[in-house]
Amino acid sequence: MADTLQFDLVTPERKLSSVPVTEVQIPGAEGDMTVMAGHAPTITTLRPGILKAIGPQGHLTFAVTGGFAEASGPSLSVLAEQAIPVDEANATIFDELVAEARSLADAALPEDRAVADKKVADLIALRAAAGY
Amino acid sequence: MPSLKDLKNRIGSVKNTRKITKAMQMVAAAKLRRAQESAEAARPYAERMNAVMAGLAGSVQGTDGAPRLLAGTGRNAVHLLVVMTAERGLCGGFNSSIVRKARQHLTTLLAQGRTVKILTVGKKGREQLRRDFGHLFIGHVDLSDAKKLGYTHAQSIAREVLSRFEAEEFDVATLFYARFVSVISQVPTAQQVIPAVFEAAGEERTDYDYEPSEGEILTDLLPRGVATQIFTALLENAASEQGARMSAMDNATRNAGDMISDLTIEYNRTRQAAITKELIEIISGAEAL
């Protein structure tokens with residue numbers, strides 16, 4: 001239980017956190033997963049959702065909009081497209097994200113439509129999960 | 001020979017110019033620091049992204065199912081040049097050196113009989129290329145109202161490029177921007193983004209479990225990789241622009257200083273000559289009596 005893994009969360013614009021944690025809950029594209037120290041090397045893509053890191057210093061919760069996560073034994077790097085600490089988030093941010101995804105979905109080609117619609121649905125679920 | 005009054009006015013105006021260039025230099029220095037910080041902040045993401053994609057690309061490359069962003073269209077006929085320059089001038093050779101690099105590439109391509117399309121980012125490059133290659137323009141991205149460069153800007157450029165790729169408008173895309181080395185050195189760089197090129201991964205890679213499959217992840221990541229590369233280029237370019245402006249304005253300030261001291265010497269000489277002349281006139285007048 002005392003084992004920790006190095007958790008890095010980076011977005012294209014900045015590094016959001018880099019701390020030792022005991023477990024991280026990731027919204028994977030194929031379902032949620034929890035990564036603990038010594039996890040088998042895995043790469044998964046993310047769907048919009050809540051990412052929760054539990055460490056000695058407490059919980060860190062982020063809303064991520066997509067990206068991917070790379071777990072390799074002693075470390076986990078999450079490369080998020082956009083990540084917002086839930087404490088800093090507010091309803092407007094989520095509304096904008098949903099609106100943007102919706103306009104992209106409307107403009108999408110028929111074959112991409114399903115993917116885009118899923119993203120909108122995921123974002124709405126994310127907004128609900130974040131409590132807005 | 002300019003009169004004393006003319007000289008005085010010149011000195012005054014050069015002094016004003018020096019004040020302006022000095023202020024611009026200081027503003028550029030402050031902006032440079034900020035630009036460097038954001039370039040630094042973006043580095044971990046880009047490095048991770050490249051490492052993961054290089055690993056994935058290595059395993060998928062050569063197979064039939066390789067995504068087109070990686071494998072290319074199999075042709076090499078139509079090239080898209082994304083020329084990234086600044087929105088403003090007064091930054092030394094910054095814009096011209098990027099344009100020169102793009103122009104060289106363009107001429108070689110045209111000589112080989114390829115079709116070339118140009119997408120410009122930043123209006124300075126557009127102005128410089130318009131006269132010779134205006135008919136090749138297919139679009140322009142205006143960033144002049146962007147206060148701070150964000151990933152969203154890169155995403156919108158990437159979306160534009162990718163939708164054109166999907167519509168089979170070109171086969172190869174190359175970015176032109178200036179890589180920031182130091183305040184006095186910015187290297188104009190050409191970087192091919194589509195099809196994606198990766199440096200061969202040196203060290204032995206760990207075997208990852210992929211969820212979903214490797215191919216699907218790669219299809220998801222490649223467009224993101226393009227956006228990341230564009231974002232990196234935008235940030236490097238912004239830092240280079242400020243660096244180039246800073247050294248250009250430093251030179252201008254120094255030149256203005258030199259000019260002021262030259263003009264002051266000339267002013268003093270002229271004044272001395274006028275005094276001497278008046279004295280001679282008085283003395284010779286007195287002697288004539």
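In chain B of this predicted model, the C-alpha centres of domain 1 and domain 2 lie 50 Å apart. Domain 1 comprises residues 4–21 and 249–284, and domain 2 comprises residues 30–245, with bounds taken from an automatic or database domain assignment. Residues are numbered from 1 along each chain as its sequence is written, and chains are lettered from A in the order in which they are written. Local features need pLDDT of at least 70 and side-chain atom pairs count only at pLDDT 80 or more, whereas totals for chains, interfaces and linings use all residues.

The C-alpha trace of chain B spans about 110 × 40 × 35 Å along its principal axes. Six helices and six strands are present in chain B, in the order α-α-β-α-β-α-β-α-β-β-β-α from the N terminus. These elements are DSSP runs numbered from the N terminus (helices: H or I, at least four residues; strands: E, at least two).

Of the 289 residues of chain B, 32% are buried, a residue being buried if 20 or more other C-beta atoms, placed from the backbone, lie within 10 Å of its own. The largest nonpolar core contains 97 residues, and B:V82, B:V83, B:M84, B:F176 and B:I230 have the most contacts inside it. Such a core is a set of buried Ala, Val, Leu, Ile, Met, Phe, Trp, Tyr and Cys residues joined through C-beta atoms within 7 Å. Helix α6(B) gives the most to this core, with 17 residues. Beyond residues up to four places away in sequence, the contacts of B:V82 include B:L119, B:V161 and B:F176, where contact requires C-beta atoms, placed from the backbone, within 7 Å.

The contact between the chains takes 21 residues from chain B and 20 residues from chain A. On the chain B side, α1 (4–60), β6 (209–211) and α6 (214–288) each supply at least two residues, and α1(B) gives the most, with seven. Strand β5 (residues 39–46) of chain A runs parallel to β6(B), and three bridges join the two. Within β6(B), B:D209 is the bridge partner of A:T42.

Note on methods: A residue is buried if 20 or more other C-beta atoms lie within 10 Å of its own, exposed if 12 or fewer, and partly exposed in between; C-beta atoms are placed from the backbone. Two residues are in contact if their C-beta atoms, placed from the backbone, lie within 7 Å. Two strands pair if DSSP finds at least two bridges between them.
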